[in-house]
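Here are a few notes from a colleague to read alongside the model. Please keep the structure open and look up each residue as you go.

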Amino acid sequence: MQNWLRLTAGYTGPIDGAPGPGTYAALQRAMRAYGYTGPIDGQPGPNTWRAVQRLASGHGYTGPIDGVMGPNSWRGFARFLNQDRWD
C-alpha cells in the first residue's frame with residue numbers, strides 16, 4: 001500500500017509495511033477519487049473504509065459499502081494493490 005501511495009498520493013514516509021498517520025493521510029487523499037469527502041487527518045474511519053470498499057468493488061469485492069473492513073473487503077483491496085503496476 002505504501003508504495004502505491006508513494007506513486008499516486010504523495011506519500012513520503014518509509015516503505016516499511018507499518019501504516020501510520022502519514023500512510024493513512026495519503027490513503028485518504030487517494031480515496032477522494034472513490035468518494036471520500038472527510039478530513040485528511042491520517043485517522044481512517046468508516047468514511048475512509050467505505051471509499052476503500054468502493055475501490056475494492058472493482059477488484060472482486062461484492063459485499064456492502066458499509067465502512068466495515070472484513071476479510072472480503074481486504075481481499076478486494078489486496079487484489080488492487082497486488083497489480084504489477086505499483087512495483
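1. **The aromatic cluster.** Start with Trp4, Tyr24, Trp49, Trp74, Phe77 and Phe80, which ring pairs link into a cluster. Two rings of Phe, Tyr or Trp (its six-membered ring) pair if their centres lie within 6.5 Å; planes under 30 degrees apart count as stacked, over 60 as edge-to-face and the rest as tilted. Across the whole structure, the search finds six aromatic pairs. Trp4 and Phe80 make one that is edge-to-face, with 5.0 Å centre to centre and 85° between the planes. Trp4 sits in helix 1 (residues 2–8) and Phe80 in helix 4 (residues 71–81), so this pair ties together parts that are 76 residues apart in sequence.

2. **A word on the model.** This is a predicted model, in which local features need pLDDT of at least 70, side-chain atom pairs count only at pLDDT 80 or more, and totals for chains, interfaces and linings use all residues. Residues are numbered from 1 along each chain as its sequence is written, and side-chain values use heavy atoms, with hydrogens and water left out.

3. **Are Trp4 and Phe80 buried or exposed?** Trp4 is buried, because its relative accessible area is 6%. Phe80 has 4% relative accessibility and therefore counts as buried as well. Here, buried means under 20% relative accessible area, exposed means over 50%, and partly exposed is in between (1.4 Å probe, protein chains only).

4. **The helices.** The protein chain has four helices and zero strands, and its pattern along the sequence reads α-α-α-α. Helices (H or I, at least four residues) and strands (E, at least two) are DSSP runs, numbered from the N terminus.

5. **The nonpolar core.** How many residues does the largest nonpolar core have? The core has 19 residues, and those with the most contacts inside it are Trp4, Leu5, Leu27, Met31, Val52 and Phe77. Helix 1, helix 2 (21–30), helix 3 (46–56) and helix 4 each give two or more residues to this core, and helix 3 gives the most, with five residues. A nonpolar core is a set of buried Ala, Val, Leu, Ile, Met, Phe, Trp, Tyr and Cys residues joined through side-chain atoms within 4.5 Å. Take a look at Phe77: leaving aside neighbours within four places in sequence, Phe77 is in contact (heavy atoms within 4.5 Å) with Met1, Trp4, Leu27, Val52, Leu55 and Ala56.

6. **Gln2.** With 6% relative accessibility, Gln2 counts as buried. Its side chain is joined to that of Thr23 by a polar contact of 3.1 Å. A polar contact is a pair of N or O atoms within 3.5 Å; within protein, one must be able to donate a hydrogen and the other to accept it, and residues adjacent in sequence count only if both atoms are side-chain atoms. Not counting residues up to four places away in sequence, Gln2 touches several residues, including Tyr11, Pro14 and Ile15.

7. **Gln83.** Now find Gln83, in the segment after helix 4. Gln83 counts as partly exposed, at 23% relative accessibility. A polar atom of the Gln83 side chain lies 2.7 Å from the backbone oxygen of Phe80. Gln83 also takes us back to Trp4: the two are 79 residues apart along the chain, while their C-alpha atoms are separated by 9.8 Å.

8. **The whole chain.** Of the 87 residues of the protein chain, 37% count as buried. The C-alpha atoms fill a box of roughly 30 × 30 × 20 Å, taken along the principal axes.
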